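Let's take a friendly walk through this structure together. Keep the model open beside the text and look up each residue as we come to it.

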Amino acid sequence: MKTYFVAASMLMLGIASASAADLAARPYVKAPPIVAATTDWSGFYVGANGGGGWSRNCWDIVPFTIANPTLGVLNFNGPEGCHTASGATAGGQIGYRWQHAAWVFGLEAQGNWADLSGSNPSIAPLFTGFENRTKIDAIGLFTGQIGYSWGAFLLYAKGGAAVMRDRYESVITPAFGLGLPVGFIADRGSETRWGGVIGAGAEYAIAHNWSMALEYDHLFMGTDTVHLTYDPAFIAAINHDERVRQDVDMVTVRVNYRFGGPVVAKY
């Protein structure tokens, strides 16, 4: 009986060993690749902006003369001084960007309402008692862009054409001393002025298709000749031209919405 029990046990161990050898090995499963999501800046976008601006304005009289029965011939010429016209600006932009590797290229049009104003007393001897005022009420930019992207972060530079709407006034001050009310607008002029712009900005993708940017622009508006027309009932004989030199600095915060997919998967 003992011999039979030992033989049966050995038989069972052999069957178990053979069954274990027949079991298939556990398959090896490769870990999934790591996916890195990066912002693609390509596509059309629209946005809004707001901030402030500072314009340097210098007035110079285009020389002219008038004949006065009492004072004789009066010669008007020379500088009238400079002032800074500052204030708020707000508007919108629309553009298109395309991305190649980390480089980003774009075209953009921007239009802003502005309230940049400032003044200075005229330093011209024959205009003593007048204060010259400049106001900028509209700004437009048409620019190309080039930038470099680190995923959701974009640094860019821009340059192109700028256009502004300017208004000019000469206002009576207490120093005039001829009994006219202080603040009386003696003359007016206006123009649409074209120039150039360069700028730079930093933009960050904050959410699905949305981004925010901080941008600085310098506008080179050059020197233009502006005709000033006096109140006909006042001293219309001194209607004349002024050469006005102007440049503008702007700092704006921008919010853009980009149409299209916001991210591209990279393995």
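Two notes on the model before we apply the rule. This is a predicted model, in which local features need pLDDT of at least 70 and side-chain atom pairs count only at pLDDT 80 or more, while totals for chains, interfaces and linings use all residues. Residues are numbered from 1 along each chain as its sequence is written, and side-chain values use heavy atoms, with hydrogens and water left out.

Helices (H or I, at least four residues) and strands (E, at least two) are DSSP runs, numbered from the N terminus, and two strands pair if DSSP finds at least two bridges between them. Eight strands form a closed barrel in the order β2-β3-β4-β5-β6-β7-β8-β9, with antiparallel pairing. From one strand to the next the twist averages 15 degrees; for such angles, axes are lines fitted to C-alpha atoms, for helices over the stretch in contact, and angles run from 0 to 180 degrees between N-to-C directions. Strands of a sheet pair through backbone hydrogen bonds, either parallel or antiparallel.

Take β7 and β8 as an example of this pairing. Ala207 has Trp210 in β8 as its bridge partner, and Tyr204 has Met212 in β8. What lies between the two strands of this hairpin? There are two residues between β7 and β8, and Asn209 in the turn has a positive phi of about 70 degrees. To read burial, take buried as under 20% relative accessible area, exposed as over 50%, and partly exposed as in between (1.4 Å probe, protein chains only). Asn209 counts as buried, at 2% relative accessibility. Ala101, in the loop between β3 and β4, also has a positive phi, near 55 degrees, but Ala101 is exposed, with a relative accessible area of 57%.

The pairing rule gives 13 aromatic pairs. One of them is Phe76 with Phe127, a tilted pair at 5.3 Å centre to centre with 35 degrees between the planes. Phe76 belongs to strand β3 (residues 72-100) and Phe127 to the loop between β4 (103-121) and β5 (130-150), so the pair ties together parts that are 51 residues apart in sequence. Phe76 is buried at 5% relative accessibility, and Phe127 is buried at 1%. A second pair, Phe142 and Trp194, is stacked because the ring centres are 6.3 Å apart and the planes are at 25 degrees. Phe142 in strand β5 and Trp194 in strand β7 are 52 residues apart, so this pair too links distant parts of the chain. Phe142 is partly exposed at 43%, while Trp194 is exposed at 54%. Ring pairs also link Phe64, Phe76, Phe127, Phe130 and Tyr230 into a cluster.

Which residues does Ser122 touch, not counting residues up to four places away in sequence? They are Glu80, Phe127, Phe130, Glu131 and Asn132, where contact means heavy atoms within 4.5 Å. Ser122 is found in the loop between β4 and β5 and is buried at 9%. A polar contact of 2.5 Å joins its side chain to that of Glu80 (a pair of N or O atoms within 3.5 Å; within protein, one must be able to donate a hydrogen and the other to accept it, and residues adjacent in sequence count only if both atoms are side-chain atoms). A polar atom of the Ser122 side chain also lies 3.2 Å from the backbone nitrogen of Ala124.

Finish at Gly53 in strand β2 (residues 43-68), which is buried at 0%. Gly53 and Thr252 are 199 residues apart in sequence, yet 8.6 Å apart in space, C-alpha to C-alpha.

Conventions: Phe/Tyr/Trp six-rings, centres within 6.5 Å; stacked < 30°, edge-to-face > 60°.
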